[in-house]
Each structure stands twice: as structure tokens, then as C-alpha cells.
Amino acid sequence: MTLDTYRPRRSVLYIPAANDKALAKIASLACDAVIIDLEDGVLAADKATAREKLAGIFTARPERRCEMLVRVNALSTEWGADDLLAAAKAEPDGILLPKVDKPRDILEAGDLLDDNFAPDSVKLWAMIETPKALLNIGAIAELGRDPASRLACFVAGTNDLAKATGALVTPDRRYLMPWLMQLVLAARAGGLDVIDGVANDFRDLETLARECAEAAAMGFDGKSVIHPAQIEPANRAFSPSPEALARARAIRDAFAQRENAGKGVIALDGRMVERLHLAEAEKLLAKAAIIGA
Ligand code: COA
Ligand code: MG
């Protein structure tokens with residue numbers, strides 16, 4: 001991700017494609033991205049009718065304030081290929097592929113999009129929710145370095161990961177943490193964004209806020225959310241804090257002073273500050289300007 005292509009993805013909201021009442025809310029919600037779900041949020045009996053709704057949902061989409069994606073069923077299922085073609089026609093900002101195990105899963109979906117003339121603006125996001133995906137994560141992430149792959153973002157599927165591994169989900173998510181950190185590392189190696197998994201108890205906003213704060217500290221760009229009440233806490237946690245912004249301004253101003261013009265390293269409030277910190281500070285300030293923080 002470069003700054004000119006920066007899109008905030010602090011809150012990524014799932015909406016089942018079969019839920020008309022929830023769909024009608026899109027324009028009024030402050031989430032950074034919406035995922036219209038055809039996969040686990042839709043019963044098998046409703047899959048076909050849910051898919052048929054995509055065209056209408058995207059025709060009626062509000063101005064491009066938030067990104068809009070479609071989560072299809074895996075290509076290995078009976079619905080996958082039809083989902084992908086219907087999603088491509090709707091020209092979403094991205095298509096989220098579930099149960100990605102290996103690079104080939106991304107390449108296959110990309111080929112189908114290319115063969116059906118989906119514009120380059122239709123990106124691929126990958127759910128990382130299987131043991132195989134985590135074992136192959138470096139190779140999958142590497143695709144992010146090739147724009148032709150369309151791969152733009154990883155989404156942690158923590159519910160499926162817990163189910164597939166047998167790992168116990170504790171309030172502090174301690175047994176999931178090594179895999180989540182590995183996911184962040186791989187995403188950065190591939191130049192990808194990375195979104196944390198959902199907090200299932202949507203009435204417990206305290207736990208949500210804690211998970212968001214942890215995820216932000218771990219390097220995630222945002223949180224998957226399932227209910228409107230979860231949007232604001234996620235947006236807050238993944239926005240630069242007032243303290244971080246003040247510090248970034250101080251670093252920028254210090255390097256702008258004439259006596260520091262030729263220096264690679266300076267002292268600021270008793271701490272060493274290098275040009276890499278200046279670059280980081282400038283990036284943070286630019287992101288904050290885009291978010292409107
Ligand atoms: N997107 C948009 N609006 C939503 C929403 C969502 N994901 N979830 C709930 N809402 C709306 C409801 O329609 C309701 O609207 P209303 O005030 O006009 O009646 C309002 O927010 C309050 O909803 P509430 O009554 O608290 O919850 P609910 O019982 O209607 O829905 C869930 C609870 C979990 C069923 C629902 O939030 C949901 O389906 N979330 C997404 C689940 C999903 O996609 N899972 C798969 C991926 S993990
Ligand atoms: Mg899943």
C-alpha cells in the first residue's frame with residue numbers, strides 16, 4: 001500500500017446478502033468497508049436468491065464513501081464459480097475469497113476475473129482461516145507483490161481457525177495470537193492490508209474495544225465487524241490517537257528546522273529520532289488527513 005492508494009479499512013462490516021433490512025442501512029453506516037456475504041451468512045437454500053440480489057445492491061450503492069465487497073462461496077463448492085461471476089459483474093471494490101489454502105486459490109479466482117473482463121479495480125481479498133493457509137502464508141502473501149494477482153488484503157477468520165485447529169478461544173485470545181502475528185508479518189512482507197477477525201458477542205462492546213486496541217497494537221489495519229454498534233469502537237481504535245498525532249507533528253516540525261536540515265539523527269525530548277521516524281510520522285499525518293481524524 002502506498003499513500004496515494006491508501007484506503008482506511010478500520011471497520012469492515014459483514015452483511016448477509018439475504019438480509020434486506022441490514023442492506024438498507026449501508027448508506028447510513030460509518031464503516032470503512034462493507035462485505036456483502038454469500039457464504040456463511042446465507043443458508044444453502046437461500047444462496048441462489050442471495051446471489052441474484054447482487055446486481056441490485058450494487059446499482060443502488062451510495063457514493064463511493066465506503067468500499068463495497070462481496071464474499072463468495074469457495075470455488076471448490078457448487079456455488080463458488082457462479083458467485084464469482086455474479087460478483088465480478090457487479091464490479092465491487094473487491095471479492096473476498098473464503099477458505100484460501102494456497103497461492104493457486106488466488107490465481108484461479110484471478111484468472112476467472114480476467115477471463116470475464118472484470119476491471120483491474122476489482123481486487124481480491126483472502127480469508128485466512130485454515131491450518132493450510134497459515135502454513136502457506138508466506139507464499140500466498142508474495143502474490144501481493146504482483147498487481148496482476150489482484151490480491152490486496154488478508155482477513156483473519158478466527159472462528160473457522162479455532163474450529164479447524166481445536167484451539168480454545170479464551171477472552172485474551174492467547175492461543176490464536178501466534179497465528180495472528182504471523183498473519184500480520186506475512187501481510188507486510190507482501191505489501192497487503194490485514195484485518196482482524198470478528199468479536200461474536202456484539203452486545204459486549206468492552207471486549208470488542210479491547211480486541212480492537214490489541215489488534216491495532218499488533219499491526220492490524222482494522223477489525224471485521226458484524227453489527228452496527230461495533231463500527232464506532234473499531235474506527236476509534238484504528239485511527240491515530242491524539243498523542244500519536246502530536247508526536248508525529250513534533251517530529252515533522254523538528255526535522256523542518258533549519259539547524260536539522262542536513263541531519264540524519266536528532267534528539268527530541270531526550271529521545272533519538274531518525275529519518276525513518278520522520279517518514280513514519282509523515283505517513284501517519286497523511287493517513288489522519290484522509291480519515292479526517
Ligand atoms: N449490517 C447492517 N445492519 C445491521 C447488521 C449488519 N451486519 N446487523 C444488524 N443490523 C441492524 C438490524 O437490521 C437492526 O435494524 P433496525 O434497528 O432497523 O431493526 C439494527 O441493526 C439492530 O440490530 P439488532 O436487533 O441489535 O440485531 P439483529 O438481531 O437484527 O441482528 C445479527 C444480529 C448477528 C443476526 C446480525 O447483526 C447479523 O446478521 N450480522 C452479520 C452476521 C454475518 O454476516 N456473519 C457472517 C460473517 S462472520
Ligand atoms: Mg469462515
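Hi everyone, let's start at the metal: the magnesium ion, ligand 2, is coordinated by Glu129 through OE and Asp160 through OD, at 2.0 to 2.1 Å. Donors here are N, O and S atoms within 2.8 Å of the metal, or 3.2 Å for Na, K and Ca; water is not among the atoms, so sites may look incomplete. Helices (H or I, at least four residues) and strands (E, at least two) are DSSP runs, numbered from the N terminus. Both Glu129 and Asp160 are buried, where buried means under 20% relative accessible area, exposed over 50% and partly exposed in between, with a 1.4 Å probe and protein chains only.

A quick word on the ground rules. This is a predicted model, where local features need pLDDT of at least 70 and side-chain atom pairs count only at pLDDT 80 or more, while totals for chains, interfaces and linings use all residues. Residues are numbered from 1 along each chain as its sequence is written, chains are lettered from A and ligands numbered from 1 in the order in which they are written, and side-chain values use heavy atoms, with hydrogens and water left out.

Now the overall layout. The domain assignment, which is automatic or from a database, gives domain 1 (11–237) and domain 2 (242–291). Taken over C-alpha atoms, the centres of domain 1 and domain 2 are 34 Å apart.

Which domains line the largest pocket? Domain 1 and domain 2 each give at least three residues to that lining. The pocket's volume is about 930 Å³. It is lined by 34 residues, and Asp221, Glu280, Lys283, Leu284 and Lys287 lie nearest its centre. The elements giving two or more residues to the lining are α9 (177–189), α10 (205–218), α12 (242–256), β10 (271–274) and α13 (275–291). Helix α13 provides the largest share, seven residues.

Asp221 sits in the loop between α10 and β8 (222–225), and it counts as buried because its relative accessibility is 16%. Its side chain makes a polar contact of 3.2 Å with the side chain of Arg188. By polar contact I mean a pair of N or O atoms within 3.5 Å; within protein, one must be able to donate a hydrogen and the other to accept it, and residues adjacent in sequence count only if both atoms are side-chain atoms.

Asp93 is another acidic side chain to click on. Asp93 lies in the loop between α4 (80–90) and β4, and it is buried because its relative accessible area is 10%. Its side chain has a polar contact of 3.0 Å with that of Arg61, and also reaches the backbone nitrogen of Met68 at 2.7 Å.

Finally, some backbone angles. Most residues other than glycine have a negative phi. Lys99, though, has phi near 50°, and Arg150 has phi near 70°. Is each of these buried or partly exposed? Lys99, in the loop between β4 (94–97) and α5 (103–115), is partly exposed because its relative accessibility is 31%. Arg150, in the loop between α7 (137–142) and β6 (151–156), is buried, at 4% relative accessibility. Thanks, everyone!

Methods. 1 Å grid on protein atoms, 1.4 Å probe; cavity = no way out; pocket = protein on both sides within 12 Å on 5 of 7 lines; lining within 4 Å. Points joined across faces, edges and corners; volume = space filled by probe spheres on them.
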